[in-house]
Amino acid sequence: EVQTSKIYVSFRTAIENIAQIHLAEKFGFEFAETQLQTVLKLRKEFDTSKFPYDYVRIDDESKLQEALIIAKSTIEHDRFSRDPMIGKELSGERYERYLRDSFERHGDEIWCVQSRETGRLLTFRSHRIIDDREVSLLIGGVHPDFKNLGLGVVSSHFCFNQLRVSNFKRAVTHI
């Protein structure tokens with residue numbers, strides 16, 4: 001009996017390389033996503049005082065477990081979850097691994113919006129410190145039970161404020 005395993009091969013190129021993209025498609029690649037790089041200048045302070053939440057850094061394993069549950073279950077529109085050959089389950093495992101890697105990597109930080117009332121984590125965000133002025137925003141998500149309530153924007157505002165307080169001037173991200 002022969003066992004086979006799936007291999008996922010990705011190809012990444014600049015969007016203006018249309019001929020290269022079409023050539024890759026001839027070899028069986030399917031276009032999956034376009035990624036945009038954005039640069040945010042961290043100048044503005046956002047008023048988060050009206051929200052009953054705290055923005056807390058994840059620095060112990062028990063809180064990490066809560067954040068991993070969010071990471072595994074919340075992201076629904078990435079190239080893995082949209083690919084019928086891969087599926088949502090592997091997508092969730094992928095984001096869980098990304099977040100665990102950030103927890104273990106020097107220079108990465110994970111922060112969460114936490115309910116003051118219940119202590120429950122509602123969102124997570126991770127970033128990598130590039131230098132004393134810049135960070136790279138990595139992944140973030142809202143707990144599935146709290147989606148469509150505006151917490152993604154609230155989480156961003158807490159994040160941007162925290163980065164400003166830490167004296168970062170720029171945040172680079174890929175959407």
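Along the sequence they follow the pattern α-β-β-α-α-α-β-β-β-α-β. Please keep in mind that this is a predicted model, in which local features need pLDDT of at least 70, side-chain atom pairs count only at pLDDT 80 or more, and totals for chains, interfaces and linings use all residues. Residues are numbered from 1 along each chain as its sequence is written, and side-chain values use heavy atoms, with hydrogens and water left out.

**The whole protein**

- The C-alpha atoms fill a box of roughly 55 × 40 × 30 Å along the principal axes.
- Of the 175 residues, 35% are buried; buried means under 20% relative accessible area, exposed means over 50%, and partly exposed lies in between (1.4 Å probe, protein chains only).
- The accessible surface is about 11,600 Å², computed by the Shrake-Rupley method with a 1.4 Å probe, and for residues only the protein chains shown count as cover. Carbon and sulfur atoms account for 51% of that surface.
- Taking contacts (heavy atoms within 4.5 Å) between residues at least 6 apart in sequence, 64% join residues at least 24 apart.
- There are 26 positive and 27 negative side chains, and the centres of the two sets lie 6 Å apart. Here Lys and Arg count as positive and Asp and Glu as negative, with His and the chain ends not counted; each charge is placed at NZ of Lys, CZ of Arg, CG of Asp or CD of Glu.

**The nonpolar cores**

- In soluble globular proteins, nonpolar side chains tend to be buried together.
- A nonpolar core is a set of buried Ala, Val, Leu, Ile, Met, Phe, Trp, Tyr and Cys residues joined through side-chain atoms within 4.5 Å. The largest one holds 18 residues, and Tyr 53, Leu 137 and Leu 163 touch the most other members.
- Two or more residues of this core come from each of strand 2 (53–57), strand 3 (108–115), strand 5 (134–142) and helix 5 (151–165). Helix 5 contributes the most, with six residues.
- Leaving aside residues up to four places away in sequence, Leu 163 touches Leu 42, His 127, Val 135, Leu 137 and Phe 168.
- A second, separate core has 14 residues, including Ala 67, Ile 75, Leu 99 and Leu 121.

- Helix 5 has 15 residues and spans 21 Å from first C-alpha to last, close to the 21 Å expected at 1.5 Å a residue; the expected span is 1.5 Å times one less than the number of residues.
- Its buried residues include Leu 151, Val 154, Phe 158, Cys 159, Phe 160 and Leu 163. Their cover includes strand 1 (37–41), strand 2, strand 3, strand 4 (121–129) and strand 5.
- Most residues other than glycine have a negative phi.
- Asn 148, in the loop between strand 5 and helix 5, has a positive phi near 65° and is exposed at 80% relative accessibility.
- Asn 167, in the loop between helix 5 and strand 6, also has a positive phi, of about 70°, and is partly exposed at 49%.

**Val 172**

- Val 172 sits in strand 6 (residues 170–174) and counts as buried because its relative accessibility is 8%.
- Beyond residues up to four places away in sequence, Val 172 touches Gln 37, Thr 38, Val 39, Glu 134, Val 135, Ser 136 and Leu 137.
- Val 172 and Asp 131 are 41 residues apart in sequence and 12 Å apart in space, C-alpha to C-alpha.

Terms used
Helices (H or I, at least four residues) and strands (E, at least two) are DSSP runs, numbered from the N terminus.
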